[in-house]
Amino acid sequence: MAVVESDATVTGQGRSNFAGRLKDDYLKMWDDHVHKVVKIADKVAKKKGSMGGKQSITSVATALPQSSGIALLEGMNLPSPDAGSYINPYLHARDLYMRLRWTGQVERAARRGDKHAWAQPRKEDIKNATAQFNINFARMLYLGRYQPLGTVASFNGTTTATLYGRDARTSGSSDFWKFGAHYLRPGMGIDFLDGGAFSTSGEFQNAGTPTEVTITAIDTSTPSAPTITLSHDPVADLSVDDPADGDILVPYNSRNPSISSVNNSSEFAGVSGLLEYCSDASTYAAVYDIARSGAATLEGVHNTNSGTVRAFDENLIALVVDQVVDNGVGEEPDCLAMHSSVRREYVKQSAGDRRFAPVQKDKGYSGRLVFSAGDAELPLLVDRDCPPGLAFVLNSDNWGWLSQSEMGPIDGQTERFVADQDAREVTMHKSGNCFCEKPFNQGIIDDIQYDTDALTA
């Protein structure tokens, strides 16, 4: 970029005259302006074994024989024999990919290291792609296999979609997936589902000539109505319907083009996660390929206020903890996961308790907030990718990751040549799935009053 010099006349040698002999000063490369911190994977996706074959199956007892422990009077017939009931949860390995490519020209241009480049293209791309891989992985661990990314409010008829803001999310069925543009990135391939019908495939995916539609720009200057710009006009370019009010954005190619049953998790590409396992049938009708309507133990405790936000109350935590303990097998949760906007509500409720001298001189809150419910101590895990307006009540011991293959080259080769090109590429792959042994040991406190970028009253 040109340096603007003074218009004043300089007698003798000045900076403008000597500009051809001055060098640019190259500083060290600064830190990336990208939030890369992900927390949830360490809590719910720790490796707990491996998986393989066509699918992984286990067995769970959901009821015990009720012909046991029966009190009878003299002469009465013995109780009718009964038997317990069982279900077979199915878990399918899901595949996650990373693909990178470099031309010979860019690698040769940067060959002399810091003399000619701030970073080597290959090393830089792998570092950044790994960070984005972890971000997307954490997103799926929250949203589950449906991978809903946001909700459309309106469309301008060409390429611009206005979304519902992040502060509009509640437990209501039409509001549940209103995430603003938080999970979206420029360059991301997306699709949309009519009216939020998760059992249908996307519009772009089903176009006559399938074309990946990407996001070219995101504008969050109006948080309540962020906009995204698409790379293609749905009607003019793909001959499909425009996104409409209530349509759900999902990643491109994230589901089978023709879904036979929404209960079958193998119809979806995403890994399973918290909103899938901790919720009830109104959010995810089935888990492990089993309809929740006939398997109550596969439902979490989802405490809502019928879609109307309410002031945070610590008693809600105690209530959900007690429901988990009473309705489950007696195990207590050990963690609360929430967005920082919900933490502000948590802290606000305790603001009036600063009445003793040691507290009065120390403002704010400690680095590690813990809620105690009887014998259960639940530290707060605050994560920016957690959906706002709710708090997950988790028993982290019940969660894990079954690995089919660890992160590595797809075919054992570190790189491959691109046919007919002066270029090389690397394709990395990881497969497996997240599981929760006891969904009934988890809970969600929903419809909490919050504001992601302001304080509430």
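Modeller: Let's start inside: Gln132, Ile135, Asn136, Arg139, His182, Tyr183, Arg185, Met188 and Asp385 line the second largest cavity. Before going further, keep in mind that this is a predicted model, where local features need pLDDT of at least 70, side-chain atom pairs count only at pLDDT 80 or more, and totals for chains, interfaces and linings use all residues. Residues are numbered from 1 along each chain as its sequence is written, and side-chain values use heavy atoms, with hydrogens and water left out.

Biologist: What is a cavity, and what is a pocket?

Modeller: Rolling a probe the size of a water molecule over the atoms shows where empty space is left. On a 1 Å grid over the protein atoms alone, a cavity is a set of points where a 1.4 Å probe fits but cannot get out, while a pocket is an open set with protein on both sides within 12 Å along at least five of seven lines; lining residues have an atom within 4 Å of a point. Grid points are joined across faces, edges and corners, and a volume is the space filled by probe spheres set on the points. The second largest cavity holds about 60 Å³ of space. Its lining divides into 3 nonpolar, 3 polar and 3 charged residues (Ala, Val, Leu, Ile, Met, Phe, Trp, Tyr, Cys and Pro count as nonpolar, Asp, Glu, Lys and Arg as charged, and the others, Gly among them, as polar).

Biologist: How many cavities of 30 Å³ or more are there, and which residues line the largest cavity?

Modeller: The count comes to 3 cavities of 30 Å³ or more. The largest cavity has a volume of about 70 Å³. Its lining includes Tyr90, Leu91, His92, Arg94, Arg145 and Glu276. Both β5 and α5 (274-277) supply at least two residues of that lining. These labels come from DSSP runs, numbered from the N terminus: helices are H or I with at least four residues, and strands are E with at least two.

Biologist: Now the open spaces. Which residues lie nearest the centre of the largest pocket?

Modeller: Of the 35 residues that line the largest pocket, Tyr97, Gln132, Asn136, Arg139 and Met188 lie nearest its centre. The elements giving two or more residues to this lining are β6 (94-103) and α3 (121-143). Helix α3 provides the largest share, 10 residues. The space comes to about 1,100 Å³, and the lining has 16 nonpolar, 11 polar and 8 charged residues.

Biologist: And the second largest pocket: how many residues line it?

Modeller: There are 22, with Thr58, Val60, Pro89, Cys436 and Glu437 nearest the centre. About 430 Å³ of space lies in this pocket. Strand β3 gives the most to the lining, with 3 residues. By class, that lining has 14 nonpolar, 6 polar and 2 charged residues.

Biologist: How far apart are the end C-alpha atoms of α3?

Modeller: The expected span of a helix is 1.5 Å times one less than its number of residues. The 23 residues of α3 should therefore span 33 Å, and its end C-alpha atoms are 32 Å apart, which agrees. Just after α3, Gly144 takes a positive phi of about 85°.

Biologist: Which residues of α6 are buried?

Modeller: An α-helix has 3.6 residues a turn, so residues three or four places apart point the same way. In α6 (residues 314-327), the buried residues (under 20% relative accessible area; exposed is over 50%, partly exposed in between, with a 1.4 Å probe and protein chains only) are Leu316, Ile317, Val320, Val321 and Val324. They cover an arc of only 135° around the axis, so they sit on the same side of α6; the arc is that of the directions from the helix axis to the C-beta atoms. On the other side of α6, Asn315 and Asp326 are exposed.

Biologist: Last topic, cysteines. How many disulfides are there?

Modeller: A disulfide is a covalent bond between the sulfur atoms of two cysteines. The test here is a pair of cysteine sulfur atoms within 2.5 Å, and the count comes to 0. For Cys335, the closest cysteine sulfur, in Cys386, is 9.8 Å away, too far for a bond. Cys434 is in no disulfide either, with the nearest cysteine sulfur, that of Cys436, 7.8 Å away.

Biologist: Is Cys335 buried or exposed?

Modeller: Cys335 counts as buried, at 1% relative accessibility. Cys434 also counts as buried, at 0%.
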